[in-house]
Amino acid sequence: MVNKHILSKTNTHDLVLTVLLLLFSAMTAHAQEKIADGDTQKVSPSFVLQEKVRQWVETQKLRSKERADWFEQKRNMAALNGIRLKEIEQIDSLIEAAGKRLSDATKNREDLLAEQESLRNQRAIILKRVERLEVALRAQLQIFPEPLMNKIKDEVERIQQPEPSDSLQDRLRDLVAVMSAASEFGQSLTIHSQIRNDGEDQIEVEVLYLGFSGAWYVGRAGKIAGRGRANKDGWNWSEDKSVAKPLNEAIEMYRKERAPDYVRINFTGNKD
């Protein structure tokens, strides 16, 4: 009874190689019997078989080497493929992050555009208010007396003749400066020296302003005196020598040249 064996590829290869070697040995012995010693020009069958076997062995070695090289390349390709997969994952992550940043940037841009539009609308509203205030203030400049105008001369000039290149911030700053100075003047007592025409002569007088509510003037020698009232066209002045003495006393008290006391000054112009 014959036992059957299942041979692997390696065992089959070894068996074929063994059979070929045995066949090669047998043919070599047989060829040595038939070829004469002096027949050197003929090719021995054993040589042919030996060459075939050698070629077959070389082929098997080459196949083994190629198979080993292929396995090595396969491992390298698998490793490279793993690296490429990781790189692709990183690129996907970068793309996802870039997309999120782009989305955030788009939203921020929309927010900034909305804010810019809101600021533009607010600026238009403020500009209209500034223009209305400038118009209203120009109509009141006639009642600004000389001591007040001296403090805000530059601002008033810009308000009276605005330049197209003036920024809204500068125009608003000028308005605030003028109104602040006017408010301070209106709540304080101010003494100012100025030159008045008395006929053909020019006389230096001291003027006491009680805000915008009224003013009185007196010459240095007390020869001329009077009072002034503000209206929409400016200040109207009228002579009133009765205010000379009390006004001089008030000015001396203001300058701390006289002890404080009550002073009666004709405010309305009506005689008691």
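# Briefing: salt bridges, sheet and surface patch

At 16% relative accessibility, Arg171 counts as buried. This residue belongs to a predicted model, and Arg171 is found in helix α5. In the model, 17 salt bridges are counted, and five strands form an open sheet.

**Surroundings of Arg171**

- Leaving aside residues up to four places away in sequence, Arg171 touches Leu127, Val130, Glu131, Glu134 and Asp166.
- Arg171 counts as buried because its relative accessibility of 16% falls under the 20% cut-off.

- Side chains of opposite charge can pair when their charged atoms come close.
- Glu87 and Arg84 form a salt bridge in which the closest N and O atoms are 3.8 Å apart.
- The two residues, Glu87 and Arg84, both lie in helix α2 (residues 45-140), where three residues, about one turn of the helix, separate them.
- Glu87 is partly exposed at 35% relative accessibility, and Arg84 is likewise partly exposed, at 44%.
- A salt bridge also joins the side chains of Glu117 and Arg120, with an N to O distance of 2.5 Å.
- Glu117 and Arg120 are both in helix α2, three residues apart, which is about one turn of the helix.
- Partly exposed is the class of Glu117, with 37% relative accessibility, and of Arg120, with 43%.

- Arg158 forms a salt bridge with Asp174, and their closest N and O atoms are 2.8 Å apart.
- Arg158 lies in helix α4 (residues 153-160) and Asp174 in helix α5 (residues 168-186), so this pair ties together parts that are 16 residues apart in sequence.
- Asp174 is buried, with a relative accessible area of 5%, whereas Arg158 is partly exposed at 35%.

**A salt-bridge network**

**The five-stranded sheet**

- The strands of the open sheet run in the order β1-β2-β3-β4-β5, with antiparallel pairing.
- Strands β1 (189-198) and β5 (234-239) are the edge strands, and each of them pairs on one side only.
- From one strand to the next, the twist averages 30°.
- Six bridges connect strand β2 (residues 201-210) with strand β3 (residues 214-219) in the antiparallel sense.

**A nonpolar surface patch**

- Trp70, Phe71 and Met77 make a nonpolar surface patch of about 340 Å².
- Trp70 lies in helix α2, the helix that also holds Glu87 and Arg84.
- Trp70 is partly exposed, with 44% relative accessibility; this value meets the patch requirement of over 30% relative accessible area.

Terms used. Residues numbered from 1 in each chain as written. Predicted model: local features only at pLDDT ≥ 70, side-chain atom pairs only at ≥ 80, totals over all residues. Heavy atoms only, no water. Salt bridge = Lys/Arg side-chain N within 4 Å of Asp/Glu carboxyl O. Helix = DSSP H or I, 4+ residues; strand = E, 2+ residues; numbered from the N terminus. Buried < 20%, exposed > 50% of the residue type's maximum accessible area, 1.4 Å probe, protein only. Contact = heavy atoms within 4.5 Å. Pairing = 2+ DSSP bridges. Axes fitted to C-alpha atoms, helices over the stretch in contact; angles between N-to-C directions. Patch = residues over 30% accessible without salt bridge, like charges linked within 9 Å, V, L, I, M, F, W, Y side chains within 5 Å. Areas by Shrake-Rupley, 256 points an atom, 1.4 Å probe, with all protein chains shown as cover.
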